[in-house]
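Please examine the structure below. The questions and answers that follow treat its strands, its helices and selected side chains in turn.

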Amino acid sequence: MNNLKVKICGMKHNVAEVAALKPDYLGFIFYGNSPRNYKDSKIINISEDIKKVGIFVDQSVDEIIVLVEKFQFNVIQLHGEQPVEFVSLLISELKNSKKGQVEIWKVFSIKDTFDFSVLKDFEDLVSKFLFDTKGKEKGGNGFTFDWSILKNYKSTKPFILSGGIGMTEISEVKKIQQLGLPIYAIDVNSKFEIEAGLKDISALKKMKELLD
């Protein structure tokens, strides 16, 4: 699918097995209210070809930097309501900590409508946008938003598509690619789980076969 990247998010229990599938990104959530909150003191050694993403909701800049250094994250995913000022400060502090090479992805939650103009102030700050489904939980809600809204996306900034993506949604993802939108990756989570944080390896293998 034109080198569409895959991020498997909500890693918790069977990290080594999932890493063996060689996804492009593995996501680790740091949010106390999530059943996928990552509590381990370290992440097992995984291939350097797999980029590690730290997902943050309400943490301070200092807390994020401590976790980035501890777990050697390649990407910071901001999944809260962090304003432009927060992102600017984070970038500044990352440079001071010599972690300036870490990518920042900013998440925006969508349901039936979305005003894409709110992205403008973040354009020059973040590497990519991530569009997730607005729901009761901060991610992992298990259902998609109205993807037809993406036709209104006018930016050239690459984005990651998230929110309720399972096997049956892969054909719809292919249709989105045909629109010429800068979709960079898909982010899968709850639709490929046996329970929260325990990934279904056989289902993930089938998904990868569909994408190859």
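Q: In what order do the eight strands close into a barrel?
A: In this predicted model, local features need a pLDDT of at least 70 and side-chain atom pairs count only at pLDDT 80 or more, while totals for chains, interfaces and linings use all residues. Residues are numbered from 1 along each chain as its sequence is written, and side-chain values use heavy atoms, with hydrogens and water left out. Helices (H or I, at least four residues) and strands (E, at least two) are DSSP runs numbered from the N terminus, and two strands pair if DSSP finds at least two bridges between them. The pairing is parallel, and the barrel closes in the order β1-β2-β3-β4-β5-β6-β7-β8.

Q: By what angle are neighbouring strands of this sheet turned against each other on average?
A: Axes are lines fitted to C-alpha atoms, for helices over the stretch in contact, and angles run from 0 to 180 degrees between N-to-C directions. For this average, however, direction is ignored. Neighbouring strands are then turned against each other by 25°.

Q: Which residue in β3 is the bridge partner of Leu26?
A: Strand β2 covers residues 25-30 and strand β3 covers residues 51-56. The two run parallel and are joined by six bridges. Within β3, the partner of Leu26 is Lys52.

Q: How many residues apart in sequence are the parts tied together by the pair of Phe30 and Phe56?
A: Rings of Phe, Tyr and Trp (its six-membered ring) pair if their centres lie within 6.5 Å; planes under 30 degrees apart count as stacked, over 60 as edge-to-face and the rest as tilted. Phe30 and Phe56 are stacked, at 5.6 Å centre to centre and with 15° between the planes. Since Phe30 lies in strand β2 and Phe56 in strand β3, the pair ties together parts whose separation in sequence is 26 residues.

Q: Are Phe30 and Phe56 buried or exposed?
A: Relative accessible area decides this: buried means under 20%, exposed over 50%, and partly exposed in between (1.4 Å probe, protein chains only). By this criterion, Phe30 and Phe56 are both buried.

Q: Through which helix does the chain cross from β3 to β4?
A: Strands β3 and β4 pair in the parallel sense over four bridges, and Ile55 has Gln77 as its bridge partner in β4. A crossover is right-handed if, with the strands pointing away from the viewer, the path from the first strand over the helix to the second runs clockwise. This β-α-β crossover is right-handed, and its helix, residues 61-71, is α2.

Q: At about what angle to β4 does helix α3 run?
A: Helix α3 (residues 84-96) lies across β4 (75-78) and β5 (103-110), where contact means heavy atoms within 4.5 Å. Strands β4 and β5 run parallel and are joined by four bridges. The helix runs to β4 at about 160°.

Q: At what distance from the ring centre does Lys106 lie over the face of Phe122?
A: A charge sits over a ring if NZ of Lys or CZ of Arg is within 6 Å of the ring centre and within 35 degrees of the ring normal. Lys128 lies over the face of Tyr184 at 4.5 Å from the ring centre. For Lys106 over Phe122, the distance is 5.9 Å.

Q: Which residue in β8 is the bridge partner of Leu161?
A: In strand β7 (residues 159-162), Phe159 and Leu161 point one way and Ile160 and Ser162 the other way, and all are buried. Four bridges join β7 to β8, and the two run parallel. In β8, Leu161 is partnered by Ile186.

Q: What is the phi of Lys22?
A: Most residues other than glycine have a negative phi. Lys22 is found in the loop between α1 (15-19) and β2, and it is exposed, with a relative accessible area of 65%. Although Lys22 is not a glycine, its phi is positive, at about 60°.
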